[in-house]
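Please go through this structure with me. I would like to know what each term rests on before I use it.

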Amino acid sequence: MNAQERIRELADQIVSLRDAYYSGSPLVADAEYDAIEDELRALVAAHPEWTPDPNPLEQVGAPAVLHAPVRHSRPMLSLEKATKPEQVAAFFDRFPGQPVVVMPKLDGLSLALVYEDGRLARAVTRGDGTTGDDVTPLVRALVDGVPPKIDTSGRVEVRGEAVMLRSTFAAYNETHQDKPLINPRNAAAGTLRAKDPAAVAGRRMVFFAFDLDASDGAAADLEQGLRTFGFTVADMRHCSDAAAAQDVISDIERERNELDYDLDGAVLRLANRDAYSAAGTRSNSPRGALAYKFAAEEKTTVLADVVWDVGKTGKIAPVAWLEPVFVGGTTVTRATLANQEVIRAKGIRIGDTVLVRRAGDVIPFVAGVLDESKRTGEEQEIVPPTHCPSCAQPLTEQGNSRELFCTNVACPAQTVRRLIHWASRAAADIDAIGPVWIERLAETGLLENPSDFYTLTKERLLEFDRVGETSATRMIESIDKSRAVGLRRALIGLAIPMASEGTSARLCKAGFGSLEEVADAGEERLVAVEDIGPKVAASLTEHLARLRPELERLRERGVSLDVREEDLPAVVASDAPLAGKTIVITGTISDPRSGEKVPRPTFQRLCEKAGATATSSVSATTDLLVTGADVGAAKLTKAEKHDVEVVDQSVIWAQLIAAGIA
Ligand SMILES: NC(=O)c1ccc[n+]([C@@H]2O[C@H](COP(=O)([O-])OP(=O)(O)OC[C@H]3O[C@@H](n4cnc5c(N)ncnc54)[C@H](O)[C@@H]3O)[C@@H](O)[C@H]2O)c1
Ligand SMILES: [Zn+2]
């Protein structure tokens with residue numbers, strides 16, 4: 001195919017992919033769509049004479065099927081994309097001396113809110129950029145953060161992104177397992193396309209403002225202007241040069257998984273509204289803004305097979321074996337498929353091209369099938385097993401999701417999983433004996449319960465092929481070290497259903513001195529512990545009773561099941577510098593002595609050692625807002641509103657250093 005034909009083909013593909021995407025059922029992942037645009041852009045640059053007409057690269061959105069078309073007062077555009085620091089630097093060079101804000105690029109649906117004499121007159125989608133859809137009733141019913149009235153006269157237009165929070169999305173899918181939503185962006189788009197608010201009740205969204213058009217009286221600074229009208233503003237941070245902007249971009253990328261909304265990049269934008277307007281526009285993007293794209297968290301790949309894996313609690317979970325795909329920063333070959341009900345609801349088959357999502361450290365999972373037209377007819381149903389793949393005992397089903405369990409306590413796969421779990425970092429941390437060795441030792445009958453690790457001897461290990469003096473010694477030393485495991489990590493290591501790592505930590509903080517004390521406590525005393533519910537209490541009581549003989553063996557073999565010093569509630573002297581203070585930390589933190597950046601969780605721990613309780617957002621109960629560099633004005637304004645004292649990190653560092661904490 002020659003370049004001219006390829007250009008035509010790509011342009012057609014883009015048009016049909018956009019149609020599908022903007023009507024709420026994308027056929028490919030965003031990253032794959034972006035790659036097609038990139039290819040077209042490169043070809044057109046090389047062969048400008050074959051530029052397609054119309055050129056989809058100069059268009060916005062898609063000519064949506066509109067229920068109630070409304071023409072925008074000024075076009076709602078796309079954004080110019082950047083992926084390299086040089087492009088950020090070039091943006092600053094274009095606007096010398098202009099203040100710039102950097103904010104998350106929220107992955108939702110853009111909306112224009114038109115206020116007339118202070119009343120919300122219309123909420124309109126972007127549509128094809130020129131004409132959008134009037135979705136006012138849906139927005140009034142479902143979107144938080146859209147004030148029905150603002151204090152102004154004349155015409156004011158506020159633009160921003162309506163997003164479905166990740167927590168809302170997860171809760172919705174939890175209660176709608178038969179018809180799950182594929183990702184928060186699609187959920188938002190689909191919701192605002194509904195004709196009837198009742199059909200999409202429960203799909204709440206939140207509006208974050210990032211653009212303001214107001215003729216008179218509003219502040220020149222974008223953020224201040226939006227805030228005065230009472231909007232929740234996208235988290236904007238002021239940056240004076242490209243290096244500072246690059247730092248904020250990195251911060252946003254690093255923090256993206258701690259946030260309750262999806263974002264796919266960061267947006268740089270002139271902070272001054274007049275300067276932004278004066279910069280003008282290109283065919284489909286404003287000149288006064290730039291989108292910095294992050295690595296994709298979703299890609300499609302082929303589901304090669306499904307393997308049913310026996311877990312440490314006997315749960316039999318479907319694991320997707322995938323053709324390797326680079327997503328969320330690593331190559332993924334395995335992903336979870338949740339349970340048989342989820343597979344059924346999503347209609348996934350072996351051989352399908354599936355959407356895989358991997359965000360942060362979360363285990364990758366299969367979100368669903370995007371394009372069923374890719375099917376060849378060779379795809380196979382995923383058939384759940386009726387018997388345990390390890391011990392062949394019939395399985396039982398539990399709960400609404402019909403999760404499968406092997407209840408055979410002697411099931412070999414479960415035994416191995418439990419042993420591996422006991423040896424894992426979060427539990428006893430026997431780092432010199434890896435999963436492969438544990439499996440071998442279990443096969444030969446040397447290991448069955450965690451307590452069996454503590455009967456292994458160097459002589460016994462030396463009988464194995466490929467175990468020499470050095471490695472045997474290392475293994476025994478590693479086991480020996482793990483005898484100090486203590487209450488919290490031993491309880492994690494025993495893999496009690498429903499009990500999380502947090503449960504273990506809370507029991508220690510609540511004053512339990514040993515694992516036996518937890519076993520003897522009874523459900524009533526357990527539920528009295530903060531955040532421990534009746535189900536967890538019942539599970540702890542039942543399983544620890546069953547594990548009694550194992551606890552005795554562990555003790556006999558010199559394993560400590562007593563609470564460790566580090567797991568006790570921090571005893572903070574009343575003269576600790578931050579004793580009794582509730583604090584919020586914001587901005588970039590660096591150690592003043594070395595100038596090195598300090599991750600926020602590390603700094604937070606230091607403050608906690610000094611007696612502070614750290615929370616994530618400023619409220620009336622906050623005592624101090626500790627500010628690092630590049631602080632978002634949002635937090636500062638909130639602090640002012642609640643009369644919260646703002647202190648620079650240098651003051652806190654000085655106190656931490658003086659108290660010998662840092
Ligand atoms: N999967 C597919 O088939 C498919 C098809 C078409 C488009 N897409 C995806 O859609 C996106 C492209 O759409 P686009 O070019 O119209 O949008 P864009 O990526 O250029 O961004 C413009 C949009 O960003 C949003 N935005 C979020 N936060 C913002 C902020 N802080 N400031 C300003 N704007 C902000 C606005 O809604 C605005 O309309 C890409 O992510 C692309 O991958 C996917
Ligand atoms: Zn089994």
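Q: What do strand 14 and strand 15 form, and which residue in the turn has a positive phi?
A: They form a hairpin with 2 residues between them, and Gly 328 in the turn has a phi of about 60 degrees. This is a predicted model, in which local features need pLDDT of at least 70, side-chain atom pairs count only at pLDDT 80 or more, and totals for chains, interfaces and linings use all residues. Residues are numbered from 1 along each chain as its sequence is written, and chains are lettered from A and ligands numbered from 1 in the order in which they are written.

Q: Why is the phi of Asp 117 worth noting?
A: Most residues other than glycine have a negative phi. Asp 117 has a positive phi, near 45 degrees, and is found in the loop between strand 4 (109-116) and strand 5 (119-125).

Q: How do you know that strand 4 and strand 5 pair?
A: There are 6 bridges between strand 4 and strand 5, and the two run antiparallel. Val 114 stands opposite Arg 122 in strand 5.

Q: Which sheet holds these strands, and what makes a strand an edge strand?
A: The sheet is open, with 5 strands in the order 5-4-8-9-7 and mixed pairing. An edge strand pairs on one side only, as strand 5 and strand 7 (143-144) do.

Q: Which joint is called cis, and where is its proline?
A: The peptide bond between Asp 53 and Pro 54 is cis, with omega about 0 degrees. Most peptide bonds are trans. Pro 54 is found in the loop between helix 2 and strand 1 (69-71).

Q: Why is ligand 1 said to lie between two domains?
A: Domain 1 (3-58) and domain 2 (69-293) both give residues to the shell around ligand 1, so the ligand lies between them. The domain bounds come from an automatic or database domain assignment.

Q: Which residues come nearest to ligand 1?
A: A residue is near a molecule or strand if its C-beta atom, placed from the backbone, lies within 6 Å of it. Of the 25 residues around ligand 1, Tyr 21, Asp 30, Tyr 33, Ser 78 and Ser 110 come nearest.

Q: How do you know that the three cysteines gather at one spot?
A: An unreviewed UniProt entry places the feature "binding site" at Cys 388, Cys 391 and Cys 411. They span 24 residues in sequence, yet no two of their C-alpha atoms are more than 8.6 Å apart, so they gather at one spot. The UniProt positions follow the numbering used here, feature names are shortened, and annotations may be inferred rather than shown by experiment. Cys 388 is found in the loop between strand 17 (365-369) and strand 18 (396-398).

Technical notes:
Helix = DSSP H or I, 4+ residues; strand = E, 2+ residues; numbered from the N terminus. Pairing = 2+ DSSP bridges.
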